[in-house]
Amino acid sequence: MSATILGMPRPIQAFVHSAALRHNLQRMREAAPNSRVWAVVKANAYGHGIERVFEAFRAADGFALLDLEEAKRLRALGWRGPVLLLEGVFEARDLELCSSLELWHVVHCDDQIDMLSRHKTQVPHRIFLKMNSGMNRLGFTPRRLRSAWARLNQLPQVDEISFMTHFSDADGDKGVSDQLMKFLQTTQDLPGERSTSNSAALLRHGQDDSVAADWVRPGIALYGSSPDFPQHDLAHWDLQPTMSLRSQIIGVQDLEVGDTVGYGSSFQAERAMRIGIVACGYADGYPRHCPTGTPILVDGIRTRTLGRVSMDMLAVDLTPCPQAGFGAEVTLWGTSSHGAVLPIDEVAQAASTVGYELMCAVSSRVKFVDDQVG
Ligand SMILES: *Cc1c(COP(=O)(O)O)cnc(C)c1O
C-alpha cells in the first residue's frame, strides 16, 4: 500500500481583502455621489479574480470589462445588472452574446456599426458611443461623432445611446479640461447619458459634475493603488490595499564585508550583515527589474531587497529585524498580517512601472486566498 504524501506548497500567497474592496468602492461613491459607478473588472479584476471581487463589488451599479468570457462569468455569478464591454465587439458573432447576455457595448468605429446593422435581434442593444477626444486609441473624432450617432440612432437594433470618452492625462499636469471641452461641445445637443472618468479623473477632478457625469468608471483605485502616485499616495486618497502578496523567509545567510548576493553579484556587503532569502521571484510575477533597495516588509517591519531578483527567490536585508529567521512572514506588497502597509505603488515605482502591471502579473503558480475579514 502506498500513501500519498502531499508536500507543503511554497509559502507564497496572494491575499484578496474583501473589506478593502468594499471600502474602496465606497470611496469612489463618495467622490462622485451623483454618479452611477461602473466597477471596472477587466483583466480578471486587475489580476484579483472576478469571482473573488464579485461579492464586494455587488454594490456597484454595473461592471465594465472587455472580454466576453469574463462577461459570461459575471452572468454565471448571477449578476443581472448592467455589464459594459469597454471595447465593444470584435466580430459579428459577439453580438449574439450581447443579445443573449444583455450586454451593453461600446461602439467606437464604423465597422462595429456595420456589424450591428446586419445583426438580427429581438432586443435592441444599449450602446455607449465612444468619442476620441485626444487619446487616439479608440473612438470617433469630434468631426465624425455626430454622423456615427445619426447612423446608430436610426438602427432598429439600437436602444438608448450614451456617450463616453477616455482621458489620456487625468493623472498629470495636462489634466482633463481640453478633452472634456471637446467632448461636451461635440455632444452638447445630443440626448443621452455621459461617462468620462477613470479613477484619476474621478479623484482629481470629480468635484466638477461634468467630469463625474452620469457614470464613472473607476478601476485601479478600487484595487488600492493610487492613480497619481507619487504625487498622491494611497493614504492621501483614503484607499486600502486589496491584494497582499506574502511569502516567507526560507533561508538565512550571514555576510561578511565584501560578500556578494545573487546573480551578477550586483550587491556587495559593506559591513557584516544578516540577510534572508524569500520564496518569491519573477516566476511569481514579482518584477525582475526591482533593484537593491526596493521596499519590502519582514514581520511587518520595513526593509529592503538586495541584489537581483531571481526566478524563485530574492534576498532581503534583515538588519532592521534581527529576530526574523526561517519562516518569518514577508510582505512583497499590500498589508502584512501585523497590519503594516506597503503600497503596491512603491514597489511598482522601484521597477519603473505602475501598480496596474504588478497586480495583473501575479502568476498562476501563486495561490490566491480570500480574506473575508481584512
Ligand atoms: C481601464 C479603463 C478604465 C479604468 O481606468 P483606471 O485608471 O483603472 O481607473 C476606465 N475606462 C476605460 C475605457 C478603461 O479602459
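Me: Which class does Arg151 fall into, buried, partly exposed or exposed?
Reply: Buried means under 20% relative accessible area, exposed over 50%, and partly exposed in between (1.4 Å probe, protein chains only). This is a predicted model, where local features need pLDDT of at least 70, side-chain atom pairs count only at pLDDT 80 or more, and totals for chains, interfaces and linings use all residues. Residues are numbered from 1 along each chain as its sequence is written, and side-chain values use heavy atoms, with hydrogens and water left out. Arg151 has 30% relative accessibility, so its class is partly exposed.

Me: Which residue meets the side chain of Arg151 in a salt bridge?
Reply: Happy to look! A salt bridge is a side-chain nitrogen of Lys or Arg within 4 Å of a carboxyl oxygen of Asp or Glu. At 3.9 Å, N to O, the partner of Arg151 is Asp110.

Me: Are Arg126 and Glu193 buried or exposed?
Reply: These two form a salt bridge, with their closest N and O atoms 3.1 Å apart. The pair ties together parts that are 67 residues apart in sequence, because Arg126 lies in strand S6 and Glu193 in the loop between helix H8 and strand S8. As for accessibility, both Arg126 and Glu193 are buried.

Me: Which residues are joined with Asp312 into one network?
Reply: Asp312 forms a salt bridge with Arg365, the closest N and O atoms being 2.9 Å apart. Asp312 is partly exposed at 30%, and Arg365 is partly exposed at 38%. Through salt bridges that share partners, the network joins Asp312 with Arg10, Asp284 and Arg365.

Methods:
Helices (H or I, at least four residues) and strands (E, at least two) are DSSP runs, numbered from the N terminus.
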